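User: I am learning to read protein models. Can we go through one by question and answer?

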Amino acid sequence: SHVFPRASRAAIVSFRRPIRNMSPPVSDEGAFLLRRSPVPATSWFPEVRSILLGAVCACACVVAVTQLGQVVCFAPGGAGFHTLLGQNPVGLTKELQPETVTLVAACKMVNERIPAFQTAIQSWAAAATDSNAGKRSFDRVIIVDWSSDANLWQQVLNFWNVATPLDFYRVGDASGNKMDWVLSKAYNFGFEKVTTDVILKVDCDTFIARGLLVLNPIESTDGSKKVFRYGDYRAARDDNEIHINGCVMATKQTMKNVNYYDERLQQYGWDDTNFYDRLFASGATPMNITRVNGAGKTMITHVWHPHSDATQDERVVSSCQNRCAINHVERRNAWAGLPRSVFWKNDARFPGGYAPENKHISFENHRGGALPSVEEVLGAETAGLIETFCKNAEYASTKCHNGCDWSNGYIPREELAFDAEVKRATAQLQALGA
């Protein structure tokens, strides 16, 4: 066997001595004692500043988009982005100012329609003041109370709470008695009371919002272009909006040039279209009244309410009678040169003797309004023939358009083939000549 030499004691002791500096020193807790750079305290201010800056930018964007939506519109009658450049695609560069506009409404109010009027007049009160939502739409209001069954005056006292002047006129016949509703006479009365340059004609159930004027200019700066804005039913977004077809805005002089509404039209139908046709013939350009702004907010619309008991067929027949009759007499005696109804002020005493708390509300009683209807002008015999001529609603809607009557307008031959009464009335009317 091999014998290993014994190591010296010194060698053994040297072997057991710990080897130093082979690894980093450790603390009592066993963590490496490495030297580190001091870490500065973290500040929260930059983060908050970034958040605030983002919020401000977001708010600015919302405001900018909101303001953009108030003046830009691509709906019928709108000028699109031309508005931002101070331009108008048809040259209507004159900004319409509220102080030049009077809102005119007239009605023979019945109790069933009071809720609709309450909604309408509250919208007018809001639209008569400026706000971030838009500029006011007029600076004066005229309401014509045409022998109402309901207490229209009390509704005005209840809801007109702004400093915008409101002139209230109650109208009766020569003896102070109530009269049947005649739209043409009622509005002509109101139009003549206007002292501003522009008339905004609405119904007693029309909603109006701030910002309407900026979307609906009606003149060029140099006065060479004039339009009338109206609620063309063909641009209606729904069945309810069809009912603002009678709303129209133009300068008072533009309307007066054609003698306002033709007061010979005294039954339902065609009074608005006849007015628009004559405005167009006088040189004014028809344009849609812009109903919504770029943000989709409604500027003008009809307040829904239950309608009269008249059927759609009855309305079509009545419009045909008016259309054929007025087209016939207009060729012989143009309305523009004829006198309107005469009215006179009876008194200005407030109902019940109590003055309104709102000193901006005035009241007057007027009487008058006598003027023959188109049926009376033509005579009973001719008016009766026209009634028969228009009796079938299916065909009545096609008759007497574009200024024509039975002598030069479209005559549906298929109707003559099955309705002997209409055929006989047509022949007798044609015998009267143009």
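User: Where in the chain is N259 placed?

Analyst: This is a predicted model. In it, N259 sits in the loop between α6 (252-256) and α7 (271-281).

User: Why is N259 called buried?

Analyst: Its relative accessibility is 5%. Buried means under 20%. The value of N259 falls under that cut-off, so N259 counts as buried.

User: Which loop holds C400, and what is its phi?

Analyst: C400 lies in the loop between α11 and α12. Its phi is positive, about 60°, although C400 is not a glycine.

User: How do you know whether C400 is buried or exposed?

Analyst: The relative accessible area of C400 is 2%. The cut-off for buried is under 20%, so C400 is buried.

User: What about S407: where is it, and why is it called partly exposed?

Analyst: S407 is in the loop between α11 (393-396) and α12 (413-418). Its relative accessibility is 35%. Buried needs under 20% and exposed needs over 50%. The value for S407 lies in between, so S407 counts as partly exposed.

User: Which side chains make polar contacts with the side chain of S407?

Analyst: One is the side chain of R331, at 3.5 Å. Another is the side chain of D405, at 2.5 Å. The cut-off for a polar contact is within 3.5 Å.

User: How far is S407 from L429?

Analyst: Their C-alpha atoms are separated by 7.7 Å. Along the chain, S407 and L429 are 22 residues apart.

User: Where is T298, and what makes it partly exposed?

Analyst: T298 is in the loop between β8 (285-288) and β9 (300-302). Its relative accessible area is 24%.

User: Which residues does T298 touch?

Analyst: Leaving out residues up to four places away in sequence, T298 touches F207, A209, R237, R291 and V292. With R237 there is also a polar contact between side chains, at 3.5 Å. The C-alpha atoms of T298 and G211 are separated by 9.9 Å, and these two residues are 87 apart along the chain.

User: Why is D232 called buried?

Analyst: D232 has 7% relative accessibility. Buried means under 20%, so D232 counts as buried. Its place is the loop between β6 (227-230) and β7 (248-251).

User: What does D232 contact?

Analyst: Its side chain makes a polar contact of 2.8 Å with the side chain of R234. Neighbours within four places aside, D232 is in contact with N245, N288 and R291.

User: What makes α5 a mostly covered helix?

Analyst: Helix α5 covers residues 183-192. Nine of its 10 residues are buried. Among them are L183, Y187, F189 and F191.

User: Which residues make the contact of α10 with α13?

Analyst: From α10 come T382, L385, I386, T388 and F389. From α13 come E421, V422, A425, T426, Q428 and L429. By class, there are six nonpolar, four polar and one charged residues.

User: What makes α8 and α10 oblique?

Analyst: The axes of α8 (residues 312-332) and α10 cross at roughly 135° and come within 9 Å. Roughly antiparallel would need over 145, and roughly perpendicular 65 to 115. So α8 and α10 are oblique to each other. Here the crossing is right-handed. Q321, C324 and A325 in α8 meet I386, E387 and F389 in α10.

User: How many helices and strands does the protein chain have, and what share of its residues is buried?

Analyst: There are 13 helices and 11 strands. Of the 434 residues, 45% count as buried.

Terms used:
Residues are numbered from 1 along each chain as its sequence is written. This is a predicted model: local features need pLDDT of at least 70, side-chain atom pairs count only at pLDDT 80 or more; totals for chains, interfaces and linings use all residues. Side-chain values use heavy atoms; hydrogens and water are left out. Contact means heavy atoms within 4.5 Å. Helices (H or I, at least four residues) and strands (E, at least two) are DSSP runs, numbered from the N terminus. Ala, Val, Leu, Ile, Met, Phe, Trp, Tyr, Cys and Pro count as nonpolar, Asp, Glu, Lys and Arg as charged, and the others, Gly among them, as polar. Buried means under 20% relative accessible area, exposed over 50%, partly exposed in between (1.4 Å probe, protein chains only). A polar contact is a pair of N or O atoms within 3.5 Å; within protein, one must be able to donate a hydrogen and the other to accept it, and residues adjacent in sequence count only if both atoms are side-chain atoms. Axes are lines fitted to C-alpha atoms, for helices over the stretch in contact, and angles run from 0 to 180 degrees between N-to-C directions. Angles under 35 degrees count as roughly parallel, over 145 as roughly antiparallel, 65 to 115 as roughly perpendicular and the rest as oblique. A crossing is left-handed if the near helix is turned anticlockwise from the far one by less than a right angle, and right-handed if clockwise.
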